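These are my notebook entries on one structure, kept in the order in which I looked things up. The sequence and the model come before the entries.

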Amino acid sequence: MSANEIGQTAKVPGNAQSDLRRYEEITARIREMLLSGALRPGDRLPAERSLAERFGVSRNSLREAIRSLAEQGVLESRRGDGTYVREPDGESLASAFAASFEAQRSRIADIFQFRRMIEPPIAALAAKNASTERIDRLKIIVCDQQRRLLAGEGDADLDAAFHLELARASGNRVVTEALAALHEILSETRSSFLQTQERRRLAVEAHLRIIDALEARDDAAAAAAMERHLLAVETAALGENQPTTDKG
């Protein structure tokens with residue numbers, strides 16, 4: 001089950017800002033569950049404790065998010081029986097989908113921006129330090145990606161594996177640990193609803209260029225190839241060049 005989070009600007013200090021962020025995250029995650037079909041009209045939400053643990057938030061924050069979605073006509077709380085997904089009318093359904101889509105775009109754009117900050121330097125370091133064995137593993141991953149591309153199958157797991165293997169190739173264990181720890185967040189940019197045949201094709205081509213730069217021990221070329229790769233897949237995923245957008 002994928003988890004996407006909403007990002008809004010709010011000028012509130014300290015713990016209040018943290019609480020607002022958690023509330024926004026929960027609201028967006030539930031909306032994503034609705035969009036993905038994980039929750040359907042008439043379905044009962046998981047138990048409050050279970051959902052709070054899954055999202056890593058307090059039960060109070062969860063209740064506030066559910067209350068907000070109930071006010072929007074998305075959910076319905078039944079006393080003594082739990083919370084259910086309502087059968088939406090056309091207007092509320094369109095409103096919920098539009099809000100979720102915009103929240104997802106903002107969140108995904110932020111993650112891509114973060115990836116552009118950290119992954120080109122990782123690629124450059126890998127060009128200096130990658131062993132032949134590491135480069136061969138990267139080639140195997142890309143070959144598997146090509147096979148899935150031709151078969152019309154998804155390859156989000158292989159894409160993630162390529163970038164993690166590249167981190168290992170950097171020779172810096174902290175880099176590898178950091179990317180592994182951030183796996184869930186970074187994987188939001190690989191959600192199935194963002195994957196298209198064109199994006200997968202671009203990724204395979206970019207991965208091959210990165211490998212070429214590694215074999216040439218050209219750190220500048222490796223960083224540039226990664227930068228172009230991330231910009232291209234972001235444009236393919238979001239339909240426009242998000243990095244130039246001033247989001248405040």
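**Entry 1: leucine 214**

I began with leucine 214, which counts as buried because its relative accessibility is 0% (buried is under 20% relative accessible area, exposed over 50%, and partly exposed in between, with a 1.4 Å probe and protein chains only). The model is a predicted one, in which local features need pLDDT of at least 70 and side-chain atom pairs count only at pLDDT 80 or more, while totals for chains, interfaces and linings use all residues. I number residues from 1 along each chain as its sequence is written, and side-chain values use heavy atoms, with hydrogens and water left out.

Leucine 214 is found in helix α9, where helices (H or I, at least four residues) and strands (E, at least two) are DSSP runs numbered from the N terminus. Leaving aside its neighbours within four places in sequence, I find leucine 214 in contact (heavy atoms within 4.5 Å) with Ala123, Ala126, Ala127, Ala130, Ile135, Leu138, Leu166 and Ala222. I also looked up leucine 125, which is 89 residues from leucine 214 in sequence and 9.3 Å from leucine 214 in space, C-alpha to C-alpha.

**Entry 2: the cores**

Which residues have the most contacts inside the largest nonpolar core? In this core of 22 residues they are Phe162, Leu166, Ile210 and Leu214, a nonpolar core being a set of buried Ala, Val, Leu, Ile, Met, Phe, Trp, Tyr and Cys residues joined through side-chain atoms within 4.5 Å. The elements that give two or more residues to this core are α4 (90-129), α5 (132-151), α6, α9 and α10. I noted a second, separate core of 17 residues, which includes Ile30, Ala65, Ile66 and Leu75.

**Entry 3: helix α6**

I then checked helix α6, residues 156-169: at 1.5 Å a residue, its 14 residues should span 20 Å, and its end C-alpha atoms are 20 Å apart, which agrees (the expected span is 1.5 Å times one less than the number of residues). The buried residues of α6 are Leu158, Asp159, Ala160, Phe162, His163, Glu165, Leu166, Ala167 and Ala169. Just after α6, I find glycine 171 with a positive phi of about 85 degrees.

**Entry 4: the cavity**

How many cavities of 30 Å³ or more does the count give? I record one, where a cavity is a set of points, on a 1 Å grid over the protein atoms alone, at which a 1.4 Å probe fits but cannot get out. The volume of the largest cavity is about 70 Å³, taken as the space filled by probe spheres set on the points, with grid points joined across faces, edges and corners.

The lining residues (those with an atom within 4 Å of a point) are Arg115, Asp155, Asp159, His163, Gln195, Arg199, Arg200, Ala203, His229 and Val233. Two or more of the lining residues come from each of α6, α9 (197-215) and α10 (219-238), and α9 gives the most, with three residues. I class the lining as two nonpolar, three polar and five charged residues, with Ala, Val, Leu, Ile, Met, Phe, Trp, Tyr, Cys and Pro counted as nonpolar, Asp, Glu, Lys and Arg as charged, and the others, Gly among them, as polar.

**Entry 5: loop residues**

Arginine 217 is found in the loop between α9 and α10, and at 39% relative accessibility arginine 217 counts as partly exposed. I noted that phi of arginine 217 is near 55 degrees, a positive value in a residue other than glycine; most residues other than glycine have a negative phi.

Glycine 152 lies in the loop between α5 and α6, and it counts as partly exposed at 47% relative accessibility.

Alanine 47 has its place in the loop between α1 (14-36) and α2 (48-55), and is partly exposed, with a relative accessible area of 45%.

**Entry 6: the whole protein**

Of its 248 residues, 42% count as buried.

Technical notes. 1 Å grid on protein atoms, 1.4 Å probe; cavity = no way out; pocket = protein on both sides within 12 Å on 5 of 7 lines; lining within 4 Å.
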